[in-house]
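Let's go through a model together, one feature at a time. Have the sequence and the 3D view open as you read.

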Amino acid sequence: MQLEFENEYNPKYDEYEKIYLALMKKTFKRLKIKADYEVDVSLINNERIHEINKEYRHIDRPTDVISFAFLDEVEGEVKIKGSIPTLLGEIFISVDKALEQAKSYGHSIKREMCFLFVHGLLHLLGYDHMKKEDEVVMFSLQEEILKGEVFMTDEELIELAKEARKLAYTPYSHFKVGAVVVTKDGNHFLGANIENASYPLCMCAERNALYHTYMNGYKKDDIAILALVADTEDVCSPCGACRQVISELFPREGKIIMGNLKGKIKETSVEELLPFAFDSSDL
């Protein structure tokens, strides 16, 4: 499968290329579609989608998402290796409208942007909520595909970590760190570093956040993201002890976001933080 992504709106929305490709793969897997398809998606503004809506649908107003399906029927079989992907269709998403609706519905812009893409993709695959027989199935599929996704941007995650940082107890180092763990069901658990006059008894923010998560009944496979922040020149990076704990309690496919108070953000993973972790096989 292939995603052709065009962002006419704002460079900061370029991150949706990777997000949409992951959602496309998830959707195809759920529907057992193995044929090699290409989907073109464009992020545009209200003015542009208004023009498209008026010209092709004869509706004189902006809308949130428009899909143009190029195939009458979607096949599920695998195509010949090396063949050119068949263009499934085009999706146009108004970021202006997504921002309006996210505010109106009280959820994040990321949640709205992901919903609109999946909605548009299902239209390309033949689902039509205007038909009563398809409506329940389509909306049920949308919720199923979006379930388990974390609808917070990296910036929003760092803001949560900053809130956790305010709870730090650091009378000796005066170096405050905040962390947050986000679970796949959308819950989040804060952690801050807590110091002690007996220095070995100090506890880092990352470990506090992970232990907090486990104490609420969650396990490794339930976790999606860990974010941390401190007042550092570069992004705040976990210490060696935290890297070891993260390697055991955090999923290897999970996302780790490191940031600082100046707005710098970097994504990493368990493998990058500690490639030669000590685990149960070493005991």
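Q: How close do the axes of helix H7 and helix H8 come, and at what angle do they cross?
A: Keep in mind that this is a predicted model. In this model, the axes of H7 (residues 205–215) and H8 (residues 240–249) come within 9 Å, and they cross at roughly 25 degrees.

Q: Which residues of H7 and H8 meet?
A: From H7, look for Glu 206, Arg 207, Leu 210, Tyr 211 and Tyr 214; their partners in H8 are Ala 241, Cys 242, Val 245, Ile 246 and Leu 249. Sorted by class, this H7–H8 contact holds 8 nonpolar and 2 charged residues, with no polar ones.

Q: What about Leu 274: which residues is Leu 274 in contact with, leaving aside its neighbours within four places in sequence?
A: Leu 274 sits in the segment that follows helix H9 (270–273). With those neighbours left out, Leu 274 is in contact with Arg 243, Gln 244 and Ser 247.

Q: At what angle do helix H3 and helix H4 pack?
A: H3 (residues 95–105) and H4 (residues 109–124) pack at about 120 degrees, and their axes are 8 Å apart. The roughly perpendicular range is 65 to 115 degrees, and roughly antiparallel needs an angle over 145. H3 and H4 are therefore oblique to each other. The crossing in which H3 passes H4 is right-handed.

Q: Which residues of H3 and H4 make the contact?
A: H3 brings Val 95, Ala 98, Leu 99, Gln 101, Ala 102 and Tyr 105, while H4 brings Ile 109, Glu 112, Met 113 and Leu 116. The classes here are 8 nonpolar, 1 polar and 1 charged.

Q: H4 also packs with H1; what is the angle there?
A: The angle between H1 and H4 is about 45 degrees, with the axes 10 Å apart. That makes H1 oblique to H4. H1 passes H4 in a crossing that is right-handed.

Q: Which residues make the contact between H1 and H4?
A: On the H1 side you will find Tyr 16, Ile 19, Tyr 20, Leu 23, Met 24, Thr 27 and Phe 28. On the H4 side are Ile 109, Lys 110, Met 113, Cys 114, Phe 117, Val 118, Leu 121 and Leu 122. By class, the H1–H4 contact has 13 nonpolar residues, 1 polar and 1 charged.

Q: Let's finish with open space. What is the volume of the largest pocket, and which residues lie nearest its centre?
A: The general idea is that rolling a probe the size of a water molecule over the atoms shows where empty space is left. Here the largest pocket has a volume of about 680 Å³. Its lining consists of 19 residues, and Glu 149, Ala 224, Ile 225, Glu 253 and Lys 255 are those nearest the centre.

Q: Which elements give two or more residues to that lining?
A: Those are helix H1 (16–30) and strand E7 (223–230). H1 provides the largest share, 5 residues. In terms of class, the lining of the largest pocket has 10 charged, 7 nonpolar and 2 polar residues.

Terms used: Residues numbered from 1 in each chain as written. Predicted model: local features only at pLDDT ≥ 70, side-chain atom pairs only at ≥ 80, totals over all residues. Heavy atoms only, no water. 1 Å grid on protein atoms, 1.4 Å probe; cavity = no way out; pocket = protein on both sides within 12 Å on 5 of 7 lines; lining within 4 Å. Points joined across faces, edges and corners; volume = space filled by probe spheres on them. Helix = DSSP H or I, 4+ residues; strand = E, 2+ residues; numbered from the N terminus. Nonpolar A, V, L, I, M, F, W, Y, C, P; charged D, E, K, R; others polar. Axes fitted to C-alpha atoms, helices over the stretch in contact; angles between N-to-C directions. Contact = heavy atoms within 4.5 Å. Parallel < 35°, antiparallel > 145°, perpendicular 65-115°, else oblique. Left-handed = near helix turned anticlockwise from the far one by under 90°.
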